[in-house]
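Please look over the sequence and the model shown here, and then work through the questions and answers that follow.

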Amino acid sequence: MKRAIVVFNAGSTSLKFAAYCIDAGHALSVLCAGRIDGMLGNPHFVVKNAAGKACDAHEWGEGHAIDHRTAMSFIVAWLEANLADTNVVAAGHRVVLGGTRFNAPVHIDGDVLDYLDALAAMEPFHQSVNVHGARVFAEAFPGLPQVACFDSSFHRTMPEVAQTYALPQDVRDAGIRHWGYHGISYDYISRQVPGFAPAARRVIVAHLGGGASMCALLEGRSVETTMGFSSVSGLPMATRSGDLPPGALFYLLRCQRFDDVTLEKMLYERSGLLGLSGISSDIRVLQASTDPRASAAIECFVYAMTKYVGAYVAVLGGLDALVFTAGIGENSAPVRAALCTQLAWLGIKLDTEANAAGGPRISTAQSDVSVWVIPTNEELMIAQHTLALI
């Protein structure tokens, strides 16, 4: 019977999963991978086999919302029915925040989930669903080893000055610090870069998806990243605002336009590309639109990235490689081209044909900075960390 690790990556409105077979040499190979999207109003499930071909799907119907317990239960039932010849030996979970207690993947036992749940006040839109997924799985498979892998862990290599906000000590002691997120993705990409650009020491990675951030890597280690205390900061994203002046938020509260709950909801769910365009949060829809608001929203997105690249080149003392990853980064040639055009001062020369084809290298041989498209694989990274722990 095959041994396998199952991985779960819970988002605010989605749940991704994958199963990996463990061979005799402890190498991992994917058995299947799938996801449930649109959980708030049009949930749909799709799963692909080891060859990457869709092998099953399910739809709940328009207007039929489901919660994470329902989604997890559905996936667990599917796995039990379709991996009958497989012995699941452990489960790995993405958790965005490990707090001050966990700087590396950890076995989920004792009071681990209670501690992680308490951190949801810092990152309410992801932390609670990550932890809830682990609880649901534990109910379905009591006693099965589970491992939590943290997005924030990868950024603990940042210099202390980069992790510190200019606040009183008692406030900083309450957990207000530059945590950083998307760390599991950056961990994976940092391990892939040497295979593409072996001499690159100073690298900026742009993880551009529904959530978007950038990270400065020095010899594979995080030294700066755009997401700070929470996942709403940094770049504008699909529906998240990105950086805002604190005074503007105080003003909105004083004017009683919002309370703390509705203000947070607006910043996370009605802002970003959606708020800027008034059309859609989907970059594909905006790129296809002739509405000037759509192009203006994309321009703001690229402008924010341009500013951060400039700052991170200063932090790194130069730049050897720029990497695009995640949904937008891997699939939007226009966004990649727009940023590279803004960065021509760095000596970046875009290969337009390679960019249109999706890379992997999208810069010319004469470019002073090499530019790459490298697909991320958070689920495989979680599986590798889980296997290492068990």
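Q: In which helix is Lys-307 found, and is Lys-307 buried or exposed?
A: This is a predicted model in which local features need pLDDT of at least 70, side-chain atom pairs count only at pLDDT 80 or more, and totals for chains, interfaces and linings use all residues. Residues are numbered from 1 along each chain as its sequence is written, and side-chain values use heavy atoms, with hydrogens and water left out. Lys-307 is found in helix H11 (residues 292–316), where helices (H or I, at least four residues) and strands (E, at least two) are DSSP runs numbered from the N terminus. With buried meaning under 20% relative accessible area, exposed over 50% and partly exposed in between (1.4 Å probe, protein chains only), the 52% of Lys-307 makes this residue exposed.

Q: What distance separates the C-alpha atoms of Lys-307 and Leu-235?
A: Lys-307 and Leu-235 lie 72 residues apart along the chain. In the model, their C-alpha atoms are separated by 9.9 Å.

Q: Which residue of E8 stands opposite His-93?
A: Strand E6 (residues 86–95) is mostly covered, with 8 of its 10 residues buried. Two strands pair if DSSP finds at least two bridges between them; strand E1 (residues 2–10) runs parallel to E6 with 7 bridges, and the partner of Phe-8 in E6 is His-93. E6 is also joined to strand E8 (residues 146–150) by 5 bridges, again in parallel, and there the residue opposite His-93 is Ala-148.

Q: Which residue in the turn between E2 and E3 has a positive phi?
A: Strands E2 (residues 15–22) and E3 (residues 28–37) run antiparallel and are joined by 8 bridges, with Ala-18 standing opposite Ala-33. The two strands form a hairpin with 5 residues between them, and the turn residue with a positive phi, of about 70°, is His-26.

Q: Why are H7 and H8 described as oblique to each other?
A: The axes of helix H7 (residues 246–254) and helix H8 (residues 260–269) come within 10 Å and cross at roughly 135°; axes are lines fitted to C-alpha atoms, for helices over the stretch in contact, and angles run from 0 to 180 degrees between N-to-C directions. Angles under 35 degrees count as roughly parallel, over 145 as roughly antiparallel, 65 to 115 as roughly perpendicular and the rest as oblique. H7 and H8 are therefore oblique.

Q: Which residues of H8 do Leu-249, Leu-252 and Leu-253 in H7 meet?
A: Contact here means heavy atoms within 4.5 Å. By that criterion, the three leucines of H7 meet Asp-260, Leu-263, Met-266 and Leu-267.
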